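Dear colleague,

Please find below the structure that I am handing over to you.

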Amino acid sequence: IRFYMGVPLLDADGYALGTLCVADSKPRTATVEDEETLRSLARQVTALLELKRSVRRLARAAEDDRRAVLESAEAA
């Protein structure tokens, strides 16, 4: 690797989820615009990861509610 540029993927609480990076076998020089673009992409990736986490949480909650209703119906 002759070029590497990376930014952390941080959730809303500041926890590191990973890193978004660009690597190349050729030497390069990153511009300010390149850095801003990578940061913007990192924000989008973080938003998608947080959305996926929220969907999973909601799906689990819905499944728990469904189970509770079925168990109470069986008891009745």
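**Findings**

Asp 11 counts as buried, because its relative accessibility is 9% (buried means under 20% relative accessible area, exposed over 50%, and partly exposed in between, with a 1.4 Å probe and protein chains only). Please note that this is a predicted model, in which local features need pLDDT of at least 70 and side-chain atom pairs count only at pLDDT 80 or more, while totals for chains, interfaces and linings use all residues. Residues are numbered from 1 along each chain as its sequence is written, and side-chain values use heavy atoms, with hydrogens and water left out.

Asp 11 takes part in a salt bridge with Arg 53, in which the closest N and O atoms are 3.7 Å apart. This pair links distant parts of the chain, 42 residues apart: Asp 11 lies in the loop between strand 1 (3-10) and strand 2 (16-24), and Arg 53 lies in helix 1. Helices (H or I, at least four residues) and strands (E, at least two) are DSSP runs, numbered from the N terminus. In contrast to the buried Asp 11, Arg 53 is partly exposed, at 36% relative accessibility.

The whole structure contains six salt bridges, each defined as a side-chain nitrogen of Lys or Arg within 4 Å of a carboxyl oxygen of Asp or Glu. In general, side chains of opposite charge can pair when their charged atoms come close.

Salt bridges that share partners join Glu 63, Asp 64, Arg 66 and Arg 67 into one network. Glu 63 is partly exposed at 27%, and Asp 64 is partly exposed at 46%.

Helix 1 (residues 32-75) also holds Val 55. Together with Leu 48 and Leu 51, Val 55 makes a nonpolar surface patch of about 310 Å². Patches are made of residues with over 30% relative accessible area and no salt bridge, where like charges are joined within 9 Å and nonpolar side chains (Val, Leu, Ile, Met, Phe, Trp, Tyr) within 5 Å. Accessible areas come from the Shrake-Rupley method with a 1.4 Å probe, and for residues only the protein chains shown count as cover.

With kind regards
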